[in-house]
Amino acid sequence: MTRSLCILGSTGSIGTQSLDVARLGGYTVEALTAYSDVKTLEAQIREFRPALAAMADEAAAADLKTRVADTGVRVLSGPEGVAYCAAESRADTVLNAVVGMAGLAPTLAALRAKKRLALANKETLVAGGQLVMETAKQNGVPILPVDSEHSAIFQCLQGASENRALKKLILTASGGPFFGKTAAELQNVTAADALRHPNWSMGAKITVDSATLMNKGLELIEAVWLFSVSPDDVQIVVHRESILHSAVMYDDNSVIGQLGLPDMRIPIQYALTYPERLPSPVGELDLAKLGRMTFYEPDYETFRCINLCRRAIHKGGLYPAAVNSANEQANAMFRRGEIGFLEIADRVERVLEAAPEKPAYTYEDILETDRFARETVQGG
Ligand code: NAD
Ligand code: MG
């Protein structure tokens, strides 16, 4: 169980909800990091009094340093400053809530420093699954999932026997804001349309990933690494209400699911208190009030990103990293209004087809793939 925390990406959606959980649980906060939101990080430093803080953006770090000079916190800067906090703070647990590939280096730094890792940053496992899982194993530290679906599966696997007798994982998807729409109807949707998610309030990048269903593709790859399953043994089901957060089916066809209100503070807290459970700030689920739950097959033809991710993890090696970085670039370009919604999948597919084959890879290879994918997407 966690006693002290380093939160990476503390100013974001998961980061601030993690601080809610920390406040309630009375955890000591040893380090906080963010990209450039100086105001929010300053307020968090004043409330939680960490020994260390870092901002990835150099100018923001300099500004923060002046603002919090009276608090005694040591302020570091750049990606190295973030990785330093991940490895060198006195925290026993690092909660990685950074968005995107930038989370990979601090994840590896935390694992090498033998910290328990509560992982929200799914891109870390998609881009470097093999490297990350090996690093965790070599250092004998657990990776505790924060993503709600993976927390659900992790909870459903508690008490399973050694050989698990696991038949498949059932990964639920909300379907996002464009559920039921045809490709023709999606031709001209804007970032503002995509940012209106029906059930969850999240950061902009993941909200767009939920609209394209890329998020579910990334989560498929995340599940393959976290739970050592074949991608063919992961079934994706659209469940509009986001109450069943995912489930597992055992060999006897018994299905065990985890349910609750859609509030990330439940999975965040479980990652911190595991294997124990504590009272939560989140309300109770009332099934009678809910009334019904609905389930649908995903529309794979319209929402092509899921199968692009499936192809990438089947091909293995650096293909998932290529697809992840291509998506980060295309997602950002869509949010800036530079490309259309349907072009996100087109550009990701082009990168999947052009990426070089390389079954075994290093951290440097991932960075090289990242550059290649972003340039290819930008090139059109
Ligand atoms: P967000 O955009 O709200 O917050 C991202 C955080 O990362 C911010 O604190 C930001 O300052 C920091 N950051 C951004 N770029 C950085 C960089 N280059 N270096 C260092 N720090 C950087 O994002 P979010 O919605 O909180 O999502 C965070 C992660 O959690 C993502 O990987 C997302 O897929 C995952 N996740 C989020 C939710 C959710 O409900 N928001 C649910 C499941 C999983
Ligand atoms: Mg999720």
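Visitor: What makes up the shell around ligand 1, by class?

Guide: By class, the shell has twelve nonpolar, seven polar and three charged residues. Keep in mind that this is a predicted model. In total, 22 residues surround ligand 1.

Visitor: Which residues are the closest to ligand 1?

Guide: The closest are Thr11, Ile14, Tyr35, Glu123 and Gly203.

Visitor: What makes the pairing of Thr11 with ligand 1 a polar contact?

Guide: Check the atoms, then the distance. A polar side-chain atom of Thr11 lies 2.7 Å from an oxygen atom of ligand 1. The cut-off for a pair of N or O atoms is within 3.5 Å, so this pair qualifies.

Visitor: Which part of Gly9 lies 3.1 Å from an oxygen atom of ligand 1?

Guide: In Gly9 it is a backbone N or O atom. Ser13 also uses its backbone: a polar atom there is 2.9 Å from an oxygen atom of ligand 1.

Visitor: How much of the accessible area of ligand 1 does the protein cover?

Guide: On its own, ligand 1 has 830 Å² of accessible area, and the protein covers 86% of this. Two elements give two or more residues to the shell: α1 (13-25) and α6 (122-139).

Visitor: What does UniProt place at residues 5-129?

Guide: An unreviewed UniProt entry gives the feature "domain: 1-deoxy-D-xylulose 5-phosphate reductoisomerase N-terminal" there. Over this stretch the chain is 50% helix and 22% strand. The end C-alpha atoms of the stretch are 24 Å apart.

Visitor: Where does UniProt place the feature "binding site"?

Guide: The unreviewed entry puts this feature at Asp147, Glu149 and Glu219. They are spread over 73 residues of sequence, yet they cluster in space. Their largest C-alpha distance is 8.5 Å.

Visitor: Is Asp147 buried or exposed?

Guide: Asp147 has a relative accessible area of 7%. Buried means under 20%. Therefore Asp147 counts as buried. You will find Asp147 in the loop between β7 (143-145) and α7 (148-156).

Visitor: Why is Ala43 called partly exposed?

Guide: Its relative accessibility is 46%. Buried stops under 20%, and exposed starts over 50%. The value for Ala43 falls in between, so the label is partly exposed. Ala43 sits in helix α2 (residues 38-48).

Visitor: Why is Asp252 called exposed?

Guide: Asp252 has 59% relative accessibility. The cut-off is over 50%, so Asp252 counts as exposed. Its place is the loop between β10 and β11 (255-259). A polar atom of the Asp252 side chain lies 3.0 Å from the backbone nitrogen of Ser254.

Visitor: What makes His239 a buried residue?

Guide: The relative accessible area of His239 is 1%. That is under 20%, so His239 is buried. His239 belongs to the loop between β9 (234-238) and β10 (244-250). Its side chain reaches the backbone oxygen of Thr294 at 3.1 Å.

Visitor: Why is Arg265 called buried?

Guide: Its value is 18%. The limit is under 20%, so Arg265 is buried. Arg265 lies in helix α12 (residues 265-273).

Visitor: What joins the side chains of Arg265 and Asp20?

Guide: A polar contact of 3.4 Å joins them. The distance passes because the cut-off is within 3.5 Å.

Visitor: How do you know that helix α5 (residues 104-112) is largely enclosed by the rest of the structure?

Guide: Count the buried residues. Seven of the nine in α5 are buried, so the helix is largely enclosed. Among them are Leu104, Pro106 and Thr107. Just after α5, Lys114 takes a positive phi of about 60 degrees.

Visitor: How many residues of α11 are buried?

Guide: In α11, 13 of the 14 residues are buried, so this helix too is largely enclosed by the rest of the structure.

Notes: Residues are numbered from 1 along each chain as its sequence is written. Chains are lettered from A and ligands numbered from 1 in the order in which they are written. This is a predicted model: local features need pLDDT of at least 70, side-chain atom pairs count only at pLDDT 80 or more; totals for chains, interfaces and linings use all residues. Side-chain values use heavy atoms; hydrogens and water are left out. Helices (H or I, at least four residues) and strands (E, at least two) are DSSP runs, numbered from the N terminus. Buried means under 20% relative accessible area, exposed over 50%, partly exposed in between (1.4 Å probe, protein chains only). UniProt positions are given in the numbering used here, feature names are shortened, and annotations may be inferred rather than shown by experiment. A residue is near a molecule or strand if one of its heavy atoms lies within 4 Å of it. A polar contact is a pair of N or O atoms within 3.5 Å; within protein, one must be able to donate a hydrogen and the other to accept it, and residues adjacent in sequence count only if both atoms are side-chain atoms. Accessible areas come from the Shrake-Rupley method with a 1.4 Å probe; for residues, only the protein chains shown count as cover. Ala, Val, Leu, Ile, Met, Phe, Trp, Tyr, Cys and Pro count as nonpolar, Asp, Glu, Lys and Arg as charged, and the others, Gly among them, as polar.
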